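This report treats the predicted model shown below.

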Number of protein chains: 2
Amino acid sequence: MYGLIGKMKAVPGQRDALASILLEGASEMPGCLSYVVAQDPAEADALWITEVWDSQASHKASLSLPSVSDAISRGKPLIASFDQYIETLPMGGHGIGPAA
Amino acid sequence: MYGLIGKMKAVPGQRDALASILLEGASEMPGCLSYVVAQDPAEADALWITEVWDSQASHKASLSLPSVSDAISRGKPLIASFDQYIETLPMGGHGIGPAA
């Protein structure tokens with residue numbers, strides 16, 4: 001498995017709009033086992049995105065999906081900064097759904 | 001929903017043992033929608049734990065479950081440090097399983 005933990009800050013006031021775009025296609029990405037978008041309650045414009053994929057290749061391939069590249073181009077103007085981007089190797093757990 | 005993103009370092013050489021203990025009861029905690037334990041490939045002894053709960057109360061209650069308090073007492077000696085502990089408010093996503 002392959003995992004990502006990322007923190008980004010939205011342009012002020014645009015956090016919900018950015019989250020909506022990120023969540024749109026979350027259940028339709030082949031090989032994606034988990035994709036959660038969360039607010040940081042301590043920072044007004046910050047979002048955490050945690051992802052689990054069956055492989056790094058599936059994650060990479062997802063970036064070329066029409067739905068994802070469209071979401072990236074619409075989301076980009078709403079992103080002020082990327083604060084953390086951590087790759088992980090998930091070992092197991094609960095709630096790692098079947099791949100789409 | 002209520003989320004946690006935590007990073008801990010195991011005592012050198014004890015990461016797998018600590019991860020096993022953390023994973024033991026992961027699918028049996030009431031209100032737990034997602035619980036993933038992952039290695040940090042960039043740090044030999046570091047683990048990331050990402051959690052999604054139906055409520056903060058469910059998370060708090062889980063700490064009193066016999067299986068969890070037993071795991072905590074066995075895991076504690078294997079933990080060298082807690083490096084990050086971030087509370088989040090998950091908005092949605094994929095792979096947020098049904099609560100046990």
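## Helix packing in chain B

B:L18, B:I21 and B:E24 in α1(B) meet B:A71, B:R74 and B:G75 in α3(B), where contact means heavy atoms within 4.5 Å. Helices are DSSP runs of H or I with at least four residues, strands are runs of E with at least two, and both are numbered from the N terminus. By class, this contact holds three nonpolar, one polar and two charged residues. Ala, Val, Leu, Ile, Met, Phe, Trp, Tyr, Cys and Pro count as nonpolar, Asp, Glu, Lys and Arg as charged, and the others, Gly among them, as polar.

The axes of α1 (residues 15-24) and α3 (residues 66-75) of chain B come within 9 Å and cross at roughly 170°. α1(B) is therefore roughly antiparallel to α3(B), a term for angles over 145 degrees. Axes are lines fitted to C-alpha atoms, for helices over the stretch in contact, with angles from 0 to 180 degrees between N-to-C directions.

## Helix packing in chain A

In chain A, the axes of helix α1 (residues 15-24) and helix α3 (residues 66-75) come within 9 Å, crossing at roughly 170°. These two helices are therefore roughly antiparallel. A:L18, A:I21 and A:E24 of α1(A) make the contact with A:A71, A:R74 and A:G75 of α3(A).

## Relation of the two chains

The same surface serves both copies, as 100% of the contact residues of chain B recur in chain A.

## The cavity

One cavity of 30 Å³ or more is found in a search of the whole structure. A cavity is a set of points, on a 1 Å grid over the protein atoms alone, where a 1.4 Å probe fits but cannot get out; lining residues have an atom within 4 Å of a point.

The largest cavity has a volume of about 190 Å³, the space filled by probe spheres set on grid points joined across faces, edges and corners. Its lining has 24 residues, with A:V36, A:T50, A:E51, B:T50 and B:E51 nearest the centre.

## Conventions

Residues are numbered from 1 along each chain as its sequence is written, and chains are lettered from A and ligands numbered from 1 in the order in which they are written. In this predicted model, local features need pLDDT of at least 70, side-chain atom pairs count only at pLDDT 80 or more, and totals for chains, interfaces and linings use all residues, while side-chain values use heavy atoms, leaving out hydrogens and water.

Note on methods:
On a 1 Å grid over the protein atoms alone, a cavity is a set of points where a 1.4 Å probe fits but cannot get out, and a pocket is an open set with protein on both sides within 12 Å along at least five of seven lines; lining residues have an atom within 4 Å of a point. Angles under 35 degrees count as roughly parallel, over 145 as roughly antiparallel, 65 to 115 as roughly perpendicular and the rest as oblique.
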